[in-house]
Amino acid sequence: MKKLLSLIVALMMVLGIAASAGAITIGFSQIGQESDWRTANTDSVLAAVEAAGWEMVYSDAQQKQENQVQALRNFISQGVDYILFTGVVSTGWDEVLKEVNEAEIPLILLDRMPEQSTLDAIDYAAAFGGDFVEEGRRMAYWTANYVEKIGKADEELNVVILEGTTGADAATGRQEGIMEVLANYPNLKVIASQTGNFTRAEGQAVMESFLKAHDKIDILLAHNDDMALGAIESIKAAGKDPGEDIIIVGCDAPKTAFDAIIAGDMNATIECTPLYGPFVVAALEKLIAGEAMDKTLIHPEEGAFDAEGGIVYSADGRVTEKAADKIGERLY
Ligand code: AHR
């Protein structure tokens, strides 16, 4: 009997090892947890991978590129089957991503992309990310349209910009889109533009310094809503009414921004969806099945939200939806 028992235990151990050796393992090098968006993005990917029954090796780089390089090298030495990667900045990845290629681990790029020369030099299986230039354009279109709507199209208005992390395509793209559209509206004058690193705390601090340096600020464009929400605190502390004295437009569209719009503290948010979990699972299922993937960067559908809803950019007829009507549907 004893012998039989130990035989069964030994058999179970062998089966267990075989099962774990057969499990699909995915390494995910995430930037950090700098914003509501990032938390929602991590949750979406982790939940989808878990539901698919695969194993996740997750690494939070705490906003440091060197931590991401180390994480990618760890994934290689651990022999993960697939790698998901979002780079904190767009440069400096050639060497380590070539190592990933040499290890023959299929790579899926998420959210922020490495610069084009890196994309040309490496192999990757699929790429999913926001259209950051377009998001910037939408922020500026919404603003110009609103200024016209409130009868200030002929007034000279001072704009300040809170930029995202320097060197991240989410920041350079949004800034490019904003400046491209604002060039058509000479009355909207950018008087200050500085990074707030996509965080609420830095958004608050930089806005405080903007308010000290400039008596007249009419518009704040924040590359993400966390910075806008931080800035709102500084605006209130300076005795001004956010959303009224200063028009505030952010980007991402998390529930916290909807709450601020409904409260009248913020005017609009342009969506950048963090919900990449289903995209990742669909791509991995194809790769596992041996199907070829298209390397084209796929942008999810994204909207825009304000207090009123309606047409915001007559140029191409895009519409905003009313935040209050949509809050119940907010998943992040
Ligand atoms: O890369 C996407 C950006 O990164 C989001 O707009 C921002 O909130 C996040 O931190």
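Which residues lie nearest the centre of the largest pocket? I looked this up and found Met113, Pro114, Leu119, Asp169 and Leu297 there, in a lining of 20 residues.

**Ground rules.** I am reading a predicted model, in which local features need pLDDT of at least 70 and side-chain atom pairs count only at pLDDT 80 or more, while totals for chains, interfaces and linings use all residues. Residues are numbered from 1 along each chain as its sequence is written, and side-chain values use heavy atoms, with hydrogens and water left out.

**Pocket.** I took a pocket as an open set of points on a 1 Å grid over the protein atoms alone, with protein on both sides within 12 Å along at least five of seven lines, and lining residues as those with an atom within 4 Å of a point; a cavity is a set of points where a 1.4 Å probe fits but cannot get out. For the largest pocket I noted a volume of about 320 Å³. Helix H5 (116-121), helix H6 (132-149) and H7 each give at least two residues to its lining, and H7 has the largest share, with three residues.

**Cavity.** I found one cavity of 30 Å³ or more, and the volume of the largest cavity is about 90 Å³. Its lining includes Glu34, Trp37, Arg38, Asp111, Arg112, Arg174 and Asp252. Helix H2 (36-52) and helix H7 (169-182) are the elements that give two or more residues to this lining.

**H8 and H9.** Helix H8 (residues 200-213) packs against H9 at an angle of about 45°, the axes being 7 Å apart. The two helices are therefore oblique to each other, a term for angles that are not under 35 degrees (roughly parallel), over 145 (roughly antiparallel) or 65 to 115 (roughly perpendicular). The crossing of H8 and H9 is right-handed. Among the residues that meet, I listed Met207 and Leu211 in H8 and Leu229 and Ile235 in H9.

**H9 and H10.** The axes of helix H9 (residues 225-237) and helix H10 (residues 255-262) come within 9 Å and cross at roughly 40°, so H9 and H10 are likewise oblique to each other. I recorded this crossing as left-handed, with Asp225, Leu229 and Ile232 of H9 in contact with Thr256, Ala257 and Ala260 of H10.

Key
Axes fitted to C-alpha atoms, helices over the stretch in contact; angles between N-to-C directions. Helix = DSSP H or I, 4+ residues; strand = E, 2+ residues; numbered from the N terminus. Left-handed = near helix turned anticlockwise from the far one by under 90°. Contact = heavy atoms within 4.5 Å. Points joined across faces, edges and corners; volume = space filled by probe spheres on them.
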